[in-house]
Amino acid sequence: MNRIYSEKQRALLRLWQQGGLRRINILEGSVRSGKTWISLVLWAFWVATQPPGESFLMAAKTLSSLRRNCLDPLQTLVGAGKFTYSVSKKEGRLFGRTVYFEGASDARAQGKIRGMTLAGAYCDELTLLTEEFFAMLLSRLSVPGAKLFATTNPDSPNHWLMEKYLSRRAALDMLVMRFTIEDNFALDPDYVESLKREYTGVFYDRFIRGEWVVAQGLVYPMFDAHKHVITAADNGAGDYYISVDYGTANPCSMGLWCVPRGGGYAVRLSEYYYDSRKRTGQKTDEEYYAELVRLAGGRVIQSVIADPSAASFIATIRRHGGFRVKKADNAVLDGIRVTASLLAAGKLRFDESCTDCIREFGLYSWDEKAADDRVLKESDHAMDDVRYFCQTVLRREFKWDVWGVG
């Protein structure tokens, strides 16, 4: 723990030393603001000073994100001798105390912690957890003096965390401390400026300015035809993918992508877009497969990234055996964040022939009447296949770092 603390981190540690922490302690604000690191310091102190035999819980949306964001950094922080863990067993030992792990990606997660008696809990990215899980978790903190520590980036002001907890902080036994990227002086100034340029619109307001704001207007206001639309030259030196948003009554959109070797960007070389409502009628899976083959144009396709709900079309592709098909990661908001960051960083390019995709960028909008972050379900078919590619290939397979964490 030999580290220089920021003034805000020092203030938080002084609260700990003076017994000023509350039952619920939430650190919120921008990305890369240092809130995750200092929250893990507090968590380690809290667990280490509790009586032996007490139980604790650490939770995140998924166990993999918990390991990446918290478990590995915590082990680095206190040393492998003080913290050992097994993600597969969902259990660890921190300063001799038992710590359980849980993923809380859906409403069923609350059932995983029923019956627990906890002296402390830690939540990573609290807005990504379900309201039901959080309410159940608070009821499990039944040991006298038990405390909850949580971090989160801002979301919509209509999010359950803001409406039911943060806005009522004065009436609850709750401490809320806000962090911004400027609070983390350990970051290189050039990196901070680059990070700021990679966010625009609602993502800039939330993840850089640390504000709880409503998503409104275009989903991708950073898309600029002068910057992102090119006349692409395909020299064959890259990895090829096809992304598919399948539709029968709705439009079907497919995009042919190339990730040039060593290029640090991806380009949509061409597309297929068919709207049965404006054309001669619906097409069969076999007809769409023929269009997929034509779009591939004899290239070696690493994988076809398909709409996970398109079961019959996925089965058709697999039956022909000509392509490896993979179900897309359909996490909508995560995928939008990834795509927006890649656009802002200039890592996505579109050949001028991709007219329907370019058209949809100018129409794809947030639903400003929705209580939470939702997009209007119109002019979204090419946008969906672009999102599938960015989230499933660029972020997961190529592991492109598209936004800061912590």
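**Close-ups of a predicted model**

**View 1. Tyr-241 and its partner across two strands.** Start with Tyr-241, whose bridge partner in β13 is Ser-303. This is a predicted model, so keep that in mind for every view here. β10 and β13 run parallel, and five bridges join them.

**View 2. The open sheet, strand by strand.** Zoom out a bit and you can follow seven strands in the order β9-β15-β12-β11-β10-β13-β14. The sheet is open, and its pairing is mixed. Which strands stand at the edges? They are β9 (229-230) and β14 (325-327), each with a single partner strand, so one side of each has no neighbour in the sheet.

**View 3. Helix α13 lying across the sheet.** Here α13, residues 381-397, lies across β10, β11, β12, β13, β14 and β15 (348-351). Its direction makes an angle of about 135° with β10.

**View 4. Helix α9 and its buried face.** Helix α9 covers residues 285-296, which makes 12 residues. From first C-alpha to last it reaches 16 Å, close to the 16 Å expected at 1.5 Å a residue. Look for its buried residues: Asp-285, Tyr-288, Tyr-289, Glu-291, Leu-292, Leu-295 and Ala-296. What do the buried residues of α9 pack against? Their neighbours are β10 (238-245), β11 (252-260), β12 (266-274), β13 (301-306) and α10 (311-320).

**View 5. Leu-74 in the largest nonpolar core.** This core has 65 residues, and Trp-43, Met-58, Leu-74 and Leu-148 have the most contacts inside it. Helix α2 (residues 35-48) supplies the largest share, eight residues. Leaving out residues up to four places away in sequence, Leu-74 touches Leu-40, Trp-43, Ala-44, Met-58, Gly-79, Phe-83 and Leu-94. Another core, of 47 residues, lies apart from this one; Ala-215, Met-222, Val-259 and Ala-344 are among its members. In soluble globular proteins, nonpolar side chains tend to be buried together.

**View 6. Ser-65 in helix α3.** You'll find Ser-65 in α3, residues 63-78. Is Ser-65 buried or exposed? Its relative accessibility is 10%, and the cut-off for buried is under 20%, so Ser-65 counts as buried. Again setting aside residues up to four places away in sequence, Ser-65 touches Ala-60, Cys-70 and Asp-124.

Technical notes:
Residues numbered from 1 in each chain as written. Predicted model: local features only at pLDDT ≥ 70, side-chain atom pairs only at ≥ 80, totals over all residues. Heavy atoms only, no water. Helix = DSSP H or I, 4+ residues; strand = E, 2+ residues; numbered from the N terminus. Expected span 1.5 Å × (residues − 1). Buried < 20%, exposed > 50% of the residue type's maximum accessible area, 1.4 Å probe, protein only. Contact = heavy atoms within 4.5 Å. Pairing = 2+ DSSP bridges. Axes fitted to C-alpha atoms, helices over the stretch in contact; angles between N-to-C directions. Core = buried A, V, L, I, M, F, W, Y, C linked by side-chain atoms within 4.5 Å.
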